[in-house]
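The structure is shown below.

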Amino acid sequence: MVLDPGRGSVERAAGRGTPRNERPEIATREVPRNGLRTPHSRPQSSSAFSRSKAALSSRGIVSPEAEVTRTMGLDVQNLTLSEVKRSVGLEVKRSTKPASRKTPESEVKKPPGSEVKKPSSSAVKRFSGSEVKRSSGRSPGPPSRSLTSPVFNGRGGWMRRSESTCAMNGVAGGERGGMRPATSLPHIARGSQPGASSGGGGKTCLLVALRPTNIDQEREAFFRAGFNYEPQFEYGEQQATNVLEKYREGSSQFLTQAVRIMHCVLRKYGSYESFEVATGGNVLPKCQVWASVRKYLQKEGCVGEVVVRLSEELLSQAVMMVKSCRPTLTINLAGARQHWLEGMLRHEIGTHYIRGVNNNRQPWSNAAGRKQFGLKPANPTEEGLASLHSVLFRRNPFLWRAALLYYTVYHAGHMSFSQLFSDIGQFVQDPAVRWEYCVRAKRGQTDTSRPGCFSKDQVYLDGILRILRHRRNIDFKMLACLGKVSYEDVEHLRKFAVLAQTRIPHFMKDQQRYLEQLDHIVSANELNDEELCQLIPE
């Protein structure tokens, strides 16, 4: 560390200078300094210095020499100036440039013997006759901030963000970046998030657990065989048979609407790839993903509450869950496109997270409460509402992804992996994209040569169409405030709701504009109210 304790302090310690503000008999005069007039001691003769030192001793005031001798075990009067400097452990310099960094401890000049101790901070203050100050210039500042690496972490500290993890911190108490303690965050019951397992804290997210461990090897074998190979998947954890059994049957109820939505997109853009580029934009680098997430969290007023992770392991676009007592959003980097990212954040944070926070305030926040009030399952309302929010405010809000997932799942129940891969080629040309859709539909299976599906992905289009069917009768603000409930239970629960401190997503506050956007989604996807009423009767 390079310090400047004030001109003449070391000389005073060696008996060559005059300590200030300690000798009442010294005449002073005022000298202008930076526009101010401050007392300045006149030089003394050696005899005057000796008399003043004796006067101080008689009054019980310890001289600087004695203090240093007592603290460090040194005879200051018999030391040269350079020896005093080395004993104190300071390299006194007149810096002409602002200090840009702290000098490492290893670079500080020290006395030859390790037995010499450093003085205490109070001793240094008394030794110099004033507070020890840094060298002239600005105090060392933090390194220039990069969105890809450093994140401010507390007062005066910097940490390097990992490549895959970032805590979205906020402003609190005047300092940037202080992560809020978990005990101060809105509580979300573990396992209540979509995609989260229903077990304890050690359980893996369902969407991660259903990802085959040998997916890269099987993908390579499939592509090397010219798409005529049936992958044999392996899984790291024993699959929950009750979950797989629940989602083993696909539905064809909305298959016609799914095909029509995809044909509508192909007529306008020619191919899925053109649609993706025109409406999604470029895949964002990590630094822009961090910036976009932070900006969105500010809109929802939940900065510092959500931990965000970037991953290349998810089969879905993103997943919101609770990990280590913190709400955690994991984003698939491959799907983080310029014009689609905010829609994904409306899906995960504006819908799943906010409804989860509101749900915890309600008397039906646990299984016993849901049973007591006779609630219907949260899905398909939960995922349908979130999927609508994904395309909200787009110029062309096509429900392509929900439609293709619905179609792929249904046909996976009647085809092998390679047959399914070939079939969806009429909608998607890119083999890599087709592979991902087929893996999603076949996840949970070991031998993919057999017909079979994991039908959970049909919940998106199912929920979308049901909500659009009843959009003129649903109180959407109340639906958000009530938490994880079906739109069918809103009126029943209204009189029991705890509305204090509940949150409403920022994009839902203008109800008229919100309903206009839902009408736009209906017309853009060539749906109509008459058809929806026939498909979904009262």
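## Basis of the assignments

A residue is called buried when its relative accessible area is under 20%, exposed when the value is over 50%, and partly exposed in between. The coordinates come from a predicted model.

Arg 440 and Asp 457 form a salt bridge in which the closest N and O atoms are 2.6 Å apart. This pair links distant parts of the chain, with Arg 440 in helix α17 (residues 431–442) and Asp 457 in the loop between α17 and α18 (459–469), 17 residues apart. Arg 440 counts as buried because its relative accessibility is 3%, and Asp 457, at 1%, is likewise buried.

In total, 21 salt bridges are counted. Side chains of opposite charge can pair when their charged atoms come close.

Arg 472 meets Asp 519 in a salt bridge of 3.5 Å, N to O. Here too, distant parts of the chain are linked: Arg 472 lies in the loop between α18 and α19 (476–482), Asp 519 in helix α21 (residues 511–524), and the two are 47 residues apart. Arg 472 is exposed at 56% relative accessibility, whereas Asp 519 is partly exposed at 29%. Both belong to a network of salt bridges that also includes Arg 471 and Asp 529.

Glu 249 pairs with Arg 248, their closest N and O atoms being 3.6 Å apart. Glu 249 is exposed, with a relative accessible area of 57%, while Arg 248 is partly exposed at 44%.

## Surroundings of Thr 381

Thr 381 lies in helix α14 (residues 381–391) and is buried, with a relative accessible area of 1%. Leaving aside neighbours within four places in sequence, Thr 381 contacts Arg 355, Ile 467, Leu 479, Val 485, Ser 486 and Tyr 487.

Notes. Residues numbered from 1 in each chain as written. Predicted model: local features only at pLDDT ≥ 70, side-chain atom pairs only at ≥ 80, totals over all residues. Heavy atoms only, no water. Helix = DSSP H or I, 4+ residues; strand = E, 2+ residues; numbered from the N terminus. Buried < 20%, exposed > 50% of the residue type's maximum accessible area, 1.4 Å probe, protein only. Contact = heavy atoms within 4.5 Å. Salt bridge = Lys/Arg side-chain N within 4 Å of Asp/Glu carboxyl O.
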